[in-house]
Amino acid sequence: MATYKPVVVQAFPKLGERITQDTVYWRGYKTPVQIKEFGAVNKIDFSPVPPYNYAVTASSRIHIYGHYSQEPIKTFSRFKDAAYCATYRDDGNLLVAGSEEGSIRLFDVSGKAPLRQFDGHTKAVHVVGFLSDKYRIFSGGDDYSSSLWDIPSATEIVSYGEHTDYVRCGCASKVNADVFVTGSYDHTVKLFDARTKSSVLTIEHGQPVESVLLFPSGGLLVSAGGRYVKVWDVLKGGQLLVSLKNHHKTVTCLCLNSSGQRLLSGSLDRHVKIYSTTSYKVVHSFNYATSILSLALSPEDETIVVGMTNGVLNVKHRKPEERKEKSQKRRQPAYRTYVKGRTYMPKQEDFCVSKPVKRVLRKYDKLLKSFQSSKALDAVLEPPIRLYTPEVTVAVMQELHRRGTLRSALAGRDEKQINLLLTFVARRVIEPRFTPVLVTVADMITDIYQPVVGQSAIVDRQFLRLQEAIGKEIDYQEELLEVLGMMDTLFATFTKKRATYLEENKSNGLTETIEMNINN
């Protein structure tokens with residue numbers, strides 16, 4: 001009896017993503033750490049000074065986490081209702097936060113009780129931050145106003161009421177200590193100068209603005225709202241430079257890396273997109289479990305922290321670089337031993353001893369070897385194989401068809417098994433690499449189970465899905481043939497008929513002969 005030959009699974013080329021330097025760099029983070037907060041995380045802010053702790057605002061609390069700690073090292077909970085937008089000062093000593101009741105609180109990082117409380121807003125304050133002179137605070141609230149506060153005297157310096165809807169985001173210029181920006185749900189971004197009584201620049205974003213960001217140079221402004229991320233030139237009066245539409249849901253947060261060469265955006269579509277600030281093309285992206293509300297990158301790009309709507313904090317740390325010197329010293333003797341004798345050439349009198357390789361058969365091969373066709377088909381319809389390696393399932397079906405046992409393997413199945421088969425066929429029959437085999441399988445299933453159509457709503461639904469998938473594919477093929485016909489017609493009109501060299505010689509010779517006869 002001949003030995004059993006395992007099923008040959010045809011290998012198809014995989015279209016892998018292009019590996020770039022950005023792909024290698026952004027993949028160099030460890031498996032994320034998940035930290036559960038008390039509510040949706042609306043703000044994450046890193047301290048600008050070592051050891052780069054970060055403040056997380058969620059529900060009515062502000063938690064401060066260490067670089068690698070999974071438990072808060074400090075908590076500020078002196079809020080009656082929700083807290084918003086806890087932000088560090090440039091020296092890392094003070095922390096300011098807004099609240100639902102409309103007050104602004106200033107905390108010392110080393111203390112617990114608020115140092116100052118600023119009252120003036122009549123509704124929730126969602127935006128707070130320090131100006132670059134470190135002695136003034138700007139704020140924006142749901143009362144449509146933006147205010148400027150003096151820290152030493154705890155008084156309001158100036159208030160602007162130019163927005164016509166909620167003010168939900170803002171940032172301060174690092175170049176000019178008097179300039180700050182606010183974004184509102186009235187679709188506008190306004191740039192204010194503390195030395196004037198009104199805004200100096202108004203930009204129309206087009207959608208409710210969720211986040212704004214100024215580049216370190218102060219010349220470029222980024223606004224996010226709706227599905228768009230837009231970059232504006234402030235020095236040219238708010239000229240639109242580029243509009244990015246890479247998300248398919250609302251963009252909620254923006255962030256720059258330490259060098260300012262990469263822009264990060266988080267969205268409710270559960271993705272973080274990373275753009276190059278020179279070409280504004282997406283160079284990498286991260287996927288998360290739920291919608292993203294906040295995003296922050298540590299000053300040295302060592303940690304990415306993402307806050308989500310379900311209250312989960314996702315923290316990724318960069319992998320430490322391996323020391324090459326030590327690894328080379330350890331590997332040198334082992335490498336010499338490994339390569340020793342590899343260049344030896346066998347002589348004529350040498351005898352080569354080979355160890356027989358034991359072939360291990362997979363589960364479906366064992367079942368096929370024992371002629372259990374139905375069980376072999378069941379084995380390749382299990383989720384790990386059916387979902388991730390469908391080519392194995394199709395290869396076994398093709399082998400069963402070659403043996404002539406495919407019909408018997410498909411017959412005699414219950415409602416659940418028929419549903420599983422039809423789901424697989426309807427999903428994969430439109431793939432060109434599987435179409436020849438799965439069309440045959442679909443024909444057999446239809447012939448076998450046609451008498452029982454109408455007895456099960458689940459099976460009937462799957463048959464309709466299969467019919468719909470095949471109908472759509474036929475329509476696509478017809479459209480493609482029409483396009484090919486149009487292209488052939490166009491190409492035919494572009495080509496000109498040219499007489500060949502032989503035809504030209506013949507015509508010339510015939511003309512010369514006629515002319516000679518007339519002369520004679």
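In this predicted model, valine 41 stands opposite alanine 58 of strand S3. The pairing involved is that of S2 with S3, the latter spanning residues 54–58. These two strands run antiparallel and are joined by 5 bridges.

S2 and S3 belong to an open sheet of 4 strands. The strand order is S2-S3-S4-S5, and the pairing is antiparallel. S2 (41–46) and S5 (74–76) form the edges. Each edge strand has a single partner, so one side of S2 and one side of S5 lack a neighbour in the sheet. From one strand to the next, the twist averages 20°.

A helix pair was examined next. Two packed helices are described by the angle between their axes and the distance between the axes. Helix H8 covers residues 415–428, and helix H10 covers residues 457–494. H8 and H10 pack at an angle of about 10°. Their axes lie 9 Å apart. Angles under 35 degrees count as roughly parallel, and H8 and H10 are therefore roughly parallel to each other. The crossing of H8 past H10 is left-handed.

On the H8 side, the contact is made by Glu415, Ile418, Asn419, Leu422, Thr423, Val425 and Ala426. H10 contributes Ile458, Val459, Gln462, Phe463, Arg465, Leu466 and Ala469. Sorted by class, the contact between H8 and H10 comprises 9 nonpolar, 3 polar and 2 charged residues.

Terms used:
Residues numbered from 1 in each chain as written. Predicted model: local features only at pLDDT ≥ 70, side-chain atom pairs only at ≥ 80, totals over all residues. Heavy atoms only, no water. Axes fitted to C-alpha atoms, helices over the stretch in contact; angles between N-to-C directions. Parallel < 35°, antiparallel > 145°, perpendicular 65-115°, else oblique. Left-handed = near helix turned anticlockwise from the far one by under 90°. Contact = heavy atoms within 4.5 Å. Nonpolar A, V, L, I, M, F, W, Y, C, P; charged D, E, K, R; others polar. Pairing = 2+ DSSP bridges.
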